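This report walks through one protein model, from its overall layout to a few individual residues. Please keep the sequence and the structure open while reading.

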Amino acid sequence: MTILGWILIIALFAVGLAGAVYPILPGALAIYLAFFVYGWFFSFEPFGVWFWIIQTLIVVVLFIADYVVGAWGVKKFGGSRSSIIGSTIGLIIGPFVIPAFGLIIGPFLGAFIGELIVGSSPAKAAKVSVGSILGLFSSTVVKIVLQIIMVVLFFIWVVRF
């Protein structure tokens, strides 16, 4: 059972980190679930109240940062609310419509179309679309860093006990 427990924990960590890049995967929630798998297979003893507070705060920050950093990229390049919504829709739908490149093309086209809807010129819409991609990349970096911190804190807490 020990091996099965660690396989599940490592698999959840891998899914979680992959979720930072591929938004369809549960990301931080998979990592958070790995903590419960550890508790169910081994023990919840290493996890005190501070562990849960810190990890929960990181998850909350991840969810907020995911939207805010992406929206910041659009806003920084002069985008409207419609382009932010379009970029978000493109991020969700893009990987399904264009499997290989939809993760990048989806938010780009979504922001572009959103900006055109509000009457912006194609040049401005293109500029805003570039901002959506920069926001996406920035958001991905933030998610990867925070999720790695979650995993490292897990191992620090487990090794400590």
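## Overall layout

Along the sequence, the protein follows the pattern α-α-α-α-α-α, and it has 6 helices and 0 strands, where helices (H or I, at least four residues) and strands (E, at least two) are DSSP runs numbered from the N terminus. This is a predicted model, in which local features need pLDDT of at least 70 and side-chain atom pairs count only at pLDDT 80 or more, while totals for chains, interfaces and linings use all residues. Residues are numbered from 1 along each chain as its sequence is written, and side-chain values use heavy atoms, with hydrogens and water left out.

The C-alpha atoms fill a box of roughly 60 × 30 × 15 Å, taken along the principal axes. Of the 161 residues in the protein, 43% are buried, where buried means under 20% relative accessible area, exposed over 50%, and partly exposed in between (1.4 Å probe, protein chains only). Among contacts (heavy atoms within 4.5 Å) between residues at least 6 apart in sequence, 65% join residues at least 24 apart.

## Helix α3

Helix α3 covers residues 49–76, and its 28 residues should span 40 Å at 1.5 Å a residue, which agrees with the 39 Å between its end C-alpha atoms; the expected span is 1.5 Å times one less than the number of residues. The helix α3 bends by about 30 degrees at Ala-65, the bend being the angle between axes fitted to the seven residues ending there and the seven starting there.

Ala-65 is also one of the buried residues of α3, which include Phe-51, Trp-52, Leu-62, Val-69 and Val-74. The buried residues of α3 pack against α2 (28–41), α4 (81–97) and α6 (122–160). After α3 comes Gly-78, whose phi is positive, near 85 degrees.

## Nonpolar cores

A nonpolar core is a set of buried Ala, Val, Leu, Ile, Met, Phe, Trp, Tyr and Cys residues joined through side-chain atoms within 4.5 Å. The largest such core has 24 residues, and those with the most contacts inside it are Ile-9, Phe-13, Phe-35, Phe-47, Phe-51, Met-150 and Phe-154. At least two residues of this core come from each of α1 (2–21), α2, α3 and α6, and the largest share, 8 residues, comes from α2. Apart from this core lies another, of 5 residues, among them Ala-71, Val-74, Ile-84 and Ala-111.

Leaving aside neighbours within four places in sequence, Phe-47 is in contact with Phe-35, Tyr-38, Gly-39, Trp-52, Phe-154, Trp-157 and Val-158.

## Two serines

Ser-80 is found in the loop between α3 and α4, and this serine is buried, with a relative accessible area of 17%. Not counting residues up to four places away in sequence, Ser-80 touches Val-74, Lys-75, Gly-114, Glu-115 and Val-118.

Ser-138, by contrast, lies in helix α6 and is partly exposed, with a relative accessible area of 28%. The C-alpha atoms of Ser-138 and Val-69 are separated by 6.7 Å, although these residues are 69 apart along the chain.
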